[in-house]
Amino acid sequence: RADAYPDEVFAARIERISPVFRRESRQARVELVVPNEELRLRPGMFVRAEIVFDRIAETTIVPFDALVKRDGKSGIFLAGADDRAHWHEVVVGVQEEDRVQVTGEGLEGRVVTLGQQLLEDGALVKVLAGPEGGGAASR
């Protein structure tokens with residue numbers, strides 16, 4: 001949106017994103033290409049941009065520390081009803097502070113968050129009650 005045309009939205013496409021992100025201000029330099037055949041937008045005009053990178057209706061979020069590397073692949077261990085830890089390969093998505101989005105097959109159940117670095121698929125685990133209703137630890 002341009003201040004000169006407050007009721008109009010101009011579609012644009014991202015040309016470049018700076019690799020430098022200022023954590024304190026949450027700012028990064030982004031260059032946009034805006035179709036402007038009528039030359040309504042001029043150099044020096046102030047604009048406001050809203051960028052939607054992606055929208056995810058439903059996703060799985062786990063603690064970042066729950067991620068484990070096995071054979072160069074990222075994954076998590078889930079505590080099954082059989083009291084065993086089951087390895088699930090995941091694709092890591094967006095990370096925010098100490099949480100991370102993951103996608104993969106069969107991601108249901110309690111995430112092992114204690115001792116998971118030492119686990120093997122099928123290892124016995126003990127589910128512990130925690131502040132949010134539980135977690136799992138290796139036996």
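Start with the open sheet: three strands, in the order E3-E8-E7, paired antiparallel. Strands here are DSSP E runs of at least two residues, numbered from the N terminus. Two strands pair if DSSP finds at least two bridges between them. Strand E3 (60-63) and strand E7 (91-96) stand at the edges. Each has a single partner strand, so one side of each has no neighbour in the sheet. On average, neighbouring strands of this sheet are turned by 35 degrees against each other, direction ignored. The axes behind that angle are lines fitted to C-alpha atoms.

Before I go on, this is a predicted model: local features need pLDDT of at least 70, side-chain atom pairs count only at pLDDT 80 or more, and totals for chains, interfaces and linings use all residues. Residues are numbered from 1 along each chain as its sequence is written, and side-chain values use heavy atoms, with hydrogens and water left out.

Back to the sheet. E7 and strand E8 (residues 99-103) run antiparallel, joined by four bridges. Glu96 stands opposite Arg99 in E8.

Now two single residues. Gln116 sits in the loop between strand E9 (110-111) and strand E10 (125-128). Buried or exposed? Gln116 is buried, at 5% relative accessibility. Buried means under 20% relative accessible area, exposed over 50%, partly exposed in between, with a 1.4 Å probe and protein chains only. Leaving out residues up to four places away in sequence, Gln116 touches Asp65, Ala66, Val68, Arg70 and Phe77. Contact means heavy atoms within 4.5 Å.

Ala11 lies in the segment before strand E1 (13-22). Ala11 is exposed, at 61% relative accessible area. Beyond its neighbours within four places in sequence, Ala11 contacts Val34 and Pro35. Ala11 and Pro35 are 24 residues apart in sequence and 7.6 Å apart in space, C-alpha to C-alpha.

Notes:
Axes fitted to C-alpha atoms, helices over the stretch in contact; angles between N-to-C directions.
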